[in-house]
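Subject: A structure for you to explore

Hi there,

Here is the structure I promised to pass on to you. Have a look at it first, and then read on for what turned up.

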Amino acid sequence: MEGLASVAGLSHHFAVRAVHLVLLTAVLCCPAWVTHAQDASGQPPAEDTRAAALRAAREKKQQETAPPEPNALERGLRAFERGGVPLITRDGLYAKLGSLTTGSGFAYGAGYRSHRFFDRDAGLDLWAGATMTQYWAAQARLQLPIAPDGRIVMNTYWRRHDYPQEDFFGIGPDSVRANHTTFRTLATTVGARVNGRLVGPLAVGGGFEYLNPSVGDGKDKKVPPIGDVFDDATAPGLDSQPDFVRSLAFVDVDWRSPRNARRGGWYRAEYSHYEDRDQNLYSFDRFDLDARQFFSVLSERRIFVARAFVSTSHTPGDQTMPFYLMPSLGGNDSLRGFREYRFRGPHALMLQGEYRFEIWSGLDAALFYDAGKVAMQRQDLDFNDLESDYGFGFRFNTDNGLIFRVDSAFGSRDGKHLWMVFGGTF
């Protein structure tokens, strides 16, 4: 009997251990069961309680956080941009302020625009402006969407301008400042372009223009007119100017953000053929490549900008490229340490860099460096013997663009230059 009792006791002992082992296995292998058991008790897990408390705190903070208030300068610039002064509006009459071309000086005038022309989504823009230096221009532009979604747009335009004292120093990298002259250019341009946005920031397009240029002696009494220093051999196209038909095609990739870019990039390649319609002497091809990249740090308050521009041309052996259609460097938007149009040539290279940093909302300061050259032969378009300058400036801006900028340039063989310009740079 004692043996049987011992066996029974051992059996009971092993049975209890077996039950404990089964329960332990269930706990280890089925944590969801444990959670369910805890939920059924009415007490949520500690981890879930902490997560809910943190989530509620974040939501409360977001509700209590107010957007930053713009300062007085930013409010004023936005008001100016939206139409806070007379005649500046999105539609209807507006004031035409700024400049007409590099070196024209401050322009004033008026215009009219409408984004619902002919009771449809067509944009009409008419304006005319003039400067104290007797520069003037007038333009009419009609923008018509072709595709229903606006991905294909056609622009037709007419422009007439008179620039009476454009600077000219000669052609090629060896031009000298002592040969400074001015010429007058009076021209009419009529054209049409089609722009199609394919995928995302990629757009392609093309068009045709009719150009009717006229070139003569400049009216600046401080320097000689162009005819006193140069002739048709040293300034091709000076004696006579034909009418041109320009055909063009371009590829454009624009992923800048915002419009006054603080990140992204803009890359554009454009091919043009200029056909002499009168004399069969001045036909040529021109290819331009412009690449701009924007990098930002510290909440987009520090911006690094890089730009590379290349222009090259091809002129058949029996043709000549007119000097007034050659690319040029110098002035407020290229080599800022040199006078306007200081260098001209059939081929040009320009490199620019800027570091822009926010002083306060609506005002940035900038440090910049420019380098570039023109060349008579394409093989000379390299990085040797580049003209250069450096300087600093200020930009009054909104997210939609620059309102006004000031640049002081130094370090060139052309002396110091101060530029004050309405509108943007690269």
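To start, are Asp 364 and Arg 262 buried or exposed? Asp 364 is buried, and Arg 262 is buried as well. Please keep in mind that this is a predicted model.

These two residues also meet through their side chains in a salt bridge, at 3.2 Å from N to O. Asp 364 sits in strand β15 (residues 363-375), while Arg 262 belongs to the loop between β8 (244-254) and β9 (264-276), so this pair ties together parts that are 102 residues apart in sequence.

How many salt bridges does a search of the whole structure find? The search gives 23. Here are some others to look up.

Asp 162 and Arg 184 form a salt bridge, and their closest N and O atoms are 2.7 Å apart. Because Asp 162 lies in strand β5 (residues 152-168) and Arg 184 in strand β6 (residues 181-197), the pair ties together parts 22 residues apart in sequence. Asp 162 counts as buried because its relative accessibility is 7%, whereas Arg 184, at 26%, counts as partly exposed.

Another salt bridge joins the side chains of Glu 387 and Arg 413 (2.7 Å, N to O). Glu 387 is in strand β16 (residues 387-398) and Arg 413 is in the loop between β17 (401-412) and β18, so you will find distant parts of the chain linked here, 26 residues apart. Glu 387 is buried at 15% relative accessibility, but Arg 413 is exposed, with a relative accessible area of 55%.

There is also a network of salt bridges, which links Arg 336, Glu 354, Arg 356, Asp 370, Arg 395, Arg 405 and Asp 407.

Arg 336 leads us to Lys 416: the C-alpha atoms of the two are separated by 9.1 Å, although the residues are 80 apart along the chain. Lys 416 is part of strand β18 (residues 415-422) and is exposed, with a relative accessible area of 67%. Leaving out residues up to four places away in sequence, Lys 416 touches Ala 409 and Phe 410.

Gln 139 counts as buried, at 15% relative accessibility. Which side chain makes a polar contact with the side chain of Gln 139? The partner is Arg 159, at 3.3 Å. Beyond four places in sequence, the residues that Gln 139 touches include Trp 127 and Trp 158.

Enjoy exploring!

Best wishes

Methods: Residues numbered from 1 in each chain as written. Predicted model: local features only at pLDDT ≥ 70, side-chain atom pairs only at ≥ 80, totals over all residues. Heavy atoms only, no water. Helix = DSSP H or I, 4+ residues; strand = E, 2+ residues; numbered from the N terminus. Buried < 20%, exposed > 50% of the residue type's maximum accessible area, 1.4 Å probe, protein only. Contact = heavy atoms within 4.5 Å. Polar contact = N/O pair within 3.5 Å; in protein donor to acceptor, adjacent residues only side chain to side chain. Salt bridge = Lys/Arg side-chain N within 4 Å of Asp/Glu carboxyl O.
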